[in-house]
Amino acid sequence: MDIGQVQQIERECSNVLMQCRYHADMQEYEKSASFFTHDIIFRSGPLGNEPIVGREANIKSMYANISDLFMRCVISNILV
């Protein structure tokens, strides 16, 4: 594999992450969660918090956090 192929893979992986967060920001939670496997283990917040297990639980937790606030995720310096 040459450096061009490695860079292409890194760009594609970064794009998946950005698409996932875009859908979450747009409150399209099902689309956001579709980037994960059905048995995802999602950890959020301080260490020690209970993980969110499963795609459906992930979607439910995103709906539980809906507010009237306008939110955008900032992603920088992506390392794959």
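Trainee: Starting with S32, is that residue buried or exposed?
Mentor: In this predicted model, S32 is buried, since its relative accessible area comes to 1%, and its place is in helix α2.

Trainee: And which residues is S32 in contact with, leaving aside its neighbours within four places in sequence?
Mentor: With those neighbours left aside, S32 is in contact with C20, H23, A24 and M62.

Trainee: Let me follow up on C20, then: where does C20 lie, and is C20 buried or exposed?
Mentor: C20 belongs to helix α1, which covers residues 3–25, and with a relative accessibility of 4% C20 counts as buried, because the cut-off for that class is under 20%.

Trainee: What is C20 in contact with, apart from its neighbours within four places in sequence?
Mentor: Once those neighbours are set aside, the contacts of C20 are with S32, F35 and F36.

Trainee: Changing topic, how many aromatic pairs does the structure hold?
Mentor: There are two aromatic pairs in the structure. In one of them, the rings of Y29 and Y63 have centres 4.9 Å apart and planes at 80 degrees, so this pair is edge-to-face. Y29 lies in helix α2 (residues 29–33) and Y63 in helix α3 (residues 55–64), so the pair ties together parts that are 34 residues apart in sequence.

Trainee: What about the rings of F36 and F42, how far apart are their centres?
Mentor: The centres of the F36 and F42 rings are 6.4 Å apart and the planes stand at 70 degrees, so this pair is edge-to-face too. F36 is partly exposed at a relative accessible area of 28%, and F42 is partly exposed with a value of 28% as well.

Trainee: Let's step back to the fold: how many helices and strands are there in the protein?
Mentor: The protein has three helices and two strands, and reading along the sequence gives the pattern α-α-β-β-α. The radius of gyration is 15 Å, well over the 12 Å that the globule rule gives for 80 residues, so the protein is more spread out than a compact globule.

Trainee: What does the C-alpha trace span along its principal axes, and how much of the protein counts as buried?
Mentor: The trace spans about 45 × 25 × 25 Å along those axes, and 18% of the 80 residues count as buried. The accessible surface comes to about 6,400 Å², with 57% of that belonging to carbon and sulfur atoms.

Trainee: Where is R43 found, and which residues is R43 in contact with beyond its neighbours within four places in sequence?
Mentor: R43 sits in the loop between β1 (41–42) and β2 (52–53), where R43 counts as exposed at 62% relative accessibility. Leaving those neighbours aside, R43 is in contact with N49 and P51, and from R43 to N58, 15 residues apart in sequence, the C-alpha to C-alpha distance is 9.9 Å.

Trainee: Last one, on charge: how many positive and negative side chains does the protein have?
Mentor: The protein has 7 positive and 10 negative side chains, with the centres of the two sets lying 3 Å apart.

Methods. Residues numbered from 1 in each chain as written. Heavy atoms only, no water. Phe/Tyr/Trp six-rings, centres within 6.5 Å; stacked < 30°, edge-to-face > 60°. Helix = DSSP H or I, 4+ residues; strand = E, 2+ residues; numbered from the N terminus. Buried < 20%, exposed > 50% of the residue type's maximum accessible area, 1.4 Å probe, protein only. Rg over C-alpha atoms; globule rule 2.2 N^0.38 Å. Areas by Shrake-Rupley, 256 points an atom, 1.4 Å probe, with all protein chains shown as cover. Lys, Arg positive; Asp, Glu negative; His and termini not counted. Charge placed at Lys NZ, Arg CZ, Asp CG, Glu CD. Contact = heavy atoms within 4.5 Å.
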